[in-house]
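Dear colleague,

Please find the structure below, handed over for your own work. My findings follow it.

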Amino acid sequence: MISADTTLKHYFVNHEQQFDAAKLGMWLFLVTEVLLFAGMFVAYAVYRAWHPEVFLQASELLDWRLGALNTIVLLASSFTVALSIHFVQKGENRKVLVLLLLTLLCAAIFMVVKYFEYTDKFSHGIVLGAGFDPHGIIDGKDYSKYNVPYAAQFFSIYFVMTGIHGVHVLVGMGIFGWLATRVARGHFSPQWYTPVELTGLYWHLVDIIWIFLFPLLYLI
Amino acid sequence: MNQQSSIWLPEAASTIAGDVDALFYFILITSIILFVGVISTMVYFAWRYRRRSDADRPEPVYENKLVEASWVVFPTILVAVVFIWGFKVFLEQGIPPPNSYEINVTARKWSWTFTYPNGVVSADLHVPTNQPVKLRMTSEDVIHSFFVPAFRVKADVLNGRYSYVWFESPKQDTFIVACTEYCGTSHSDMYSRVIVQSQDEFDQWLSDNMDDGTLTPAERGQRLYTQQGCFACHSLDGSVAAGPTFLGLAGSVRNFTDGTSAEADDNYLRTSIVNPMLQIVEGYPPVMPGQYAATLSVDDIDALVAFIKEY
Amino acid sequence: MAHSHHIIPIRILTVVFVVLLALTVITVITARIDLGVLNVPLALTIATSKAILVALIFMALKYDNKVNLLAVALGVIFVVVFLALTFADTEFRGSMGITEPAIVEPVPESSGYDSP
Amino acid sequence: MSDTSHNYLNAKKGLWSWLTTTDHKRIGILYAIACGAFFLLGGILATFVRTELGAPGETILGQDEYNQVFTLHGVVMVFLVIIPAIPGILGNFVLPLQVGANDVAFPRLNLASWYLFMAGALMAVCGWLFVGKVDTGWTFYTPYSSGASNAVLWLTSAVFVAGFASIFTGLNFIVTVHKMRAPGMTWNRLPLFTWAIYATAIVQVLATPVIGITMVLLFLEKLLHIGIFDPALGGDPVLFQHFFWFYSHPAVYIMILPAMGIISDLMGTFSRQHVSGYTFIALSSVAIAFLGFLVWGHHMFVSGQSALSSIIFSMLTFLIGIPTGIKVFNWVATMYKGSVWLKTPMLYALMFLFLFTIGGLTGIMVGVLAVDVHLHDTYFVVAHFHYVMMGGALIGLIGGLHYWWPKMTGRMYNEKAGVIAAILVFIGFNLTFFTQFFLGSKGMPRRYHDYSEFLETFPEFAALNMTSTIGSYILGVGLVMILIYALYSLVRGPRATANPWGACTLEWTHTETVPDEHNFHDTPLVTRGPYDYHLADDVFGPKKES
């Protein structure tokens, strides 16, 4: 275990100050993430307000069951992350490791589901941008009927939003993998667990964004 | 209202220009008073309280709350006045009178076309005097902006939707129209003119320019050359512009950027109009719009070729 | 060394998780019933409640330094500003009697699209 | 240089030690070098633009070249000079010293910011030089940009990457100010420069992500034609303008707020007087930062946005004018019953007041709905924003660099040369840009390669443009002169004393002449306000009875 002293940077007075600073920094970063997604939410809102019936219709092509499954998976991963912080604060590092690996698993499931959703759309001509040309019949829905003005905008927004969200999930998976190895090597203690805490915050934000994406894109 | 050009503003040649100018001068004069006040106080303080000894340690002076408050209140009143005034004139600028004469405007890189209710198409904007005119404007490509300095009107012209300006000019004269939204290579050549005429002259002009089907192909081509804005890039007198001049074009040998060359026969001229990106003449940018195959009839293209061959 | 961070009990975390799952089920069910104009506000309300739960409990904003809460609040406020002022344009073109550019709808393609 | 003392400059040796440094002071110097180079580039491009416009017709640049040159001028000056310069150079160097911290909160992130900035900058400049000469203007309006050459992809990516540098710098400063103030450094003892950088940082953190996503969407629009902004695909180009200005208007405050902070510190120090309206100036910086988010639509009065939004934005624009005006009054009032010392930094402070007042007042003119319809996109606007961005932000930066020069380098510059250069800059600047007010209000549109067509109606355009061009040369000579005497000072300048201006903020009173690598030997204990010259016996010696 790394002793507390080597984790304290010289320009901080004490751990409390260092921890608070790191946390405020992370929160500010999350605020920038919120505003990054805000751009896409505004684009969504503007086009939806202009063409509500097209958006409603186009959203039928997204499978709400897969969306709901992913929502539950992400909520579960948030729960495991929150638990991992609970246990790292208590110094029960074995449980922390298990929980982080569970989180990683959830994230992986999320991405796999997303992969199937994307490839299914691609194979039926629903792509990002100029190649948009829905065709084929799936579940009794004739996709070619959805080739109407502004349906392409809906799917542009869908792909950009979920795409950037997906990138965030992938980044999160990388960090969780790295954290897990550090937990396994006993780097964290109830005195110093800042990386776990900060990653947790990041992950919850990824979850929150999905909490909004799910109803906006799949349901309403 | 028909005030002449001053050091600040061009001549005011529309009914609303006077209102805009009055507001402009009000703000200008207020600003000059404020500016002179601030700067002379600054200079005076800098001189009056100049440092006399390095050991100077003046007693601290703290701000007077009343003075600070007046600095809030006074400018607030001033900007409130200016805002409300600006708002009122803005509404005048924006709402055309119901009896306005409507003209359609098409902007493209880098020319203007004006279409009249009777189908006359022109590259210059002819309008009758003392008659409100409403322009319905749209763009074929990027954003342009219609600006007549003498009328104090301006509006962006967008692809896929209409925007409007209106004006009424009491003065018979010619005024410059400029594009004020950056639109590429020849942005600074995208001019037109507003020609304000008496109602009689205007009516005469309108009927003169009706196409009654008696024109020769070359004459029709000449008209299309103006209407379609070809002149923006292709001169008739050999002068340099974004595209090759028409002078001596027909029959000459063209060298292309891909190293090949060809003689400019009828087929070449035709292809250059309907598919301009196929072969690019050396020394010119590949910027010619590609929609002419869709927007011009076969007769129109024949007429243009006939016209080009005359030069 | 002074280092007493608030440890959130497992019981509270679990309750929040269960509530989040329940809200997900509710949002799916209500979205599949046609409530007219109410569908969108309802779904957004549920999503917002879920987000607030995650932020306050999972992210521990409730127990945390208030500066962090302030930062989040600012972020949210400016998202609203962004949306509201953009809507002041996009939703009000052609209003107030001013000759405004209206959107020119492209001619719908002759597809078999039937509106819902 | 043969420094005898141990300080941050000689603590470690070699280029590698600079490129891997996490010392906020060294990172400040890195920004200074980079921004200086880009300023030189932007300045040379500006000279090309002005030379082309000096006489009617084509002179040195063809139409396309002219469009490419002003585009790069805009991109370089806005994204690579004015936005990063003051926070990057002076914010980094001075802010931790002013709050009594030994470094910023996240030094490694700070270095990473510089690398991100450099990566973005090199992408922009190299993309322009080697991939394709973009001619969209720095505003990237669609559909022009989505139809332009693929080199636009480089420029948008560059802005995206450099944006993150800005975000992380701002984030660092906010945390530093919140968490790392020395004991006794209460909020109402923060120097006004720090207040201003803090307010700026809030804008950086909140606004920059939006330009990031805007650039991503524009990138995809260009690459894949996603139809959000391109009207030919059903998109809305005006929506792009909303996205763009949601960042780029607050960005104006990223540029001007730090300069206002510098001016506050200069007015206090060189008047040796309590800065009038301290609390007001401090809080108005924050207020301006927030109000700055509510006014972006005043760039769009003739764009085709709804009349309702034009009216709302015009009204909000005036709200922001009021705190700005009160700041100017307070700066002037600071000299009242002070002891005004007209050294070079103070000359720049007074110059700032002169130029910024013109910039601010003309800002009111273009903020008025009806008048803006006439003035929008003309040279009047060009003149207005150069008075604010150059006359405000850059003159503030130059003043600040003179002020903190002895602290950064341990050397003094030649005062006489400083005064002469300041006069040249002042004359050159006003000749260049004041003439443009006349051009603009008469109707000369901006981004014009040629104005021959106007000469028939307005023959005076030739003389006005020529005057403006000559002015720009004088301005250039003044700026080059600053560069020369600054470089000379580095080698031959006389050694500075620890506190040559008699300032009372921590960076002058509690560090070595050139600060040590870790800033403060002992954590400073702050017992007075930043402008309490009457209490500063430690600076001036015991007060004489008079």
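**Helix pairing in chain C**

In chain C, helices H1(C) and H2(C) run roughly antiparallel to each other, because their axes cross at roughly 170° and an angle over 145 degrees counts as roughly antiparallel. Please bear in mind that this is a predicted model.

H1(C) covers residues 10–32 and H2(C) residues 39–58, and their axes come within 10 Å. The crossing of this pair is left-handed.

As to chain C as a whole, it contains three helices and zero strands, in the order α-α-α along the sequence. Of its 116 residues, 28% count as buried. Among contacts in chain C between residues at least 6 apart in sequence, 39% join residues at least 24 apart.

**Contact between chains A and C**

Chain C also touches chain A, in a contact that takes 46 residues from chain A and 47 residues from chain C. On the side of chain A, helices H1 (15–50), H2 (52–59), H3 (64–90) and H6 (194–219) each supply at least two residues. H1(A) gives the most, with 15 residues. The side of chain A that touches chain C has 29 nonpolar, ten polar and seven charged residues.

**Helix pairing in chain D**

A further pair is formed in chain D by helix H11 (residues 344–367) and helix H13 (residues 379–409), whose axes come within 8 Å and cross at roughly 160°. H11(D) and H13(D) are therefore roughly antiparallel to each other. Their crossing is left-handed. The contact of H11(D) with H13(D) has 16 nonpolar and ten polar residues, and no charged ones.

**Nonpolar cores**

The largest nonpolar core has 376 residues. Those that touch the most other members are D:Ile82, D:Ile174, D:Ala349, D:Met351, D:Phe352, D:Leu353 and D:Ala393. Leaving aside residues up to four places away in sequence, D:Ala393 touches D:Ile82, D:Ile86, D:Met255, D:Ile256 and D:Ala259. There is also a second, separate core of six residues, among them B:Phe246, B:Ala303, B:Val305 and B:Phe307.

With kind regards

Technical notes. Residues are numbered from 1 along each chain as its sequence is written. Chains are lettered from A and ligands numbered from 1 in the order in which they are written. This is a predicted model: local features need pLDDT of at least 70, side-chain atom pairs count only at pLDDT 80 or more; totals for chains, interfaces and linings use all residues. Axes are lines fitted to C-alpha atoms, for helices over the stretch in contact, and angles run from 0 to 180 degrees between N-to-C directions. Helices (H or I, at least four residues) and strands (E, at least two) are DSSP runs, numbered from the N terminus. Angles under 35 degrees count as roughly parallel, over 145 as roughly antiparallel, 65 to 115 as roughly perpendicular and the rest as oblique. A crossing is left-handed if the near helix is turned anticlockwise from the far one by less than a right angle, and right-handed if clockwise. Ala, Val, Leu, Ile, Met, Phe, Trp, Tyr, Cys and Pro count as nonpolar, Asp, Glu, Lys and Arg as charged, and the others, Gly among them, as polar. Two residues are in contact if their C-beta atoms, placed from the backbone, lie within 7 Å. A nonpolar core is a set of buried Ala, Val, Leu, Ile, Met, Phe, Trp, Tyr and Cys residues joined through C-beta atoms within 7 Å. A residue is buried if 20 or more other C-beta atoms lie within 10 Å of its own, exposed if 12 or fewer, and partly exposed in between; C-beta atoms are placed from the backbone.
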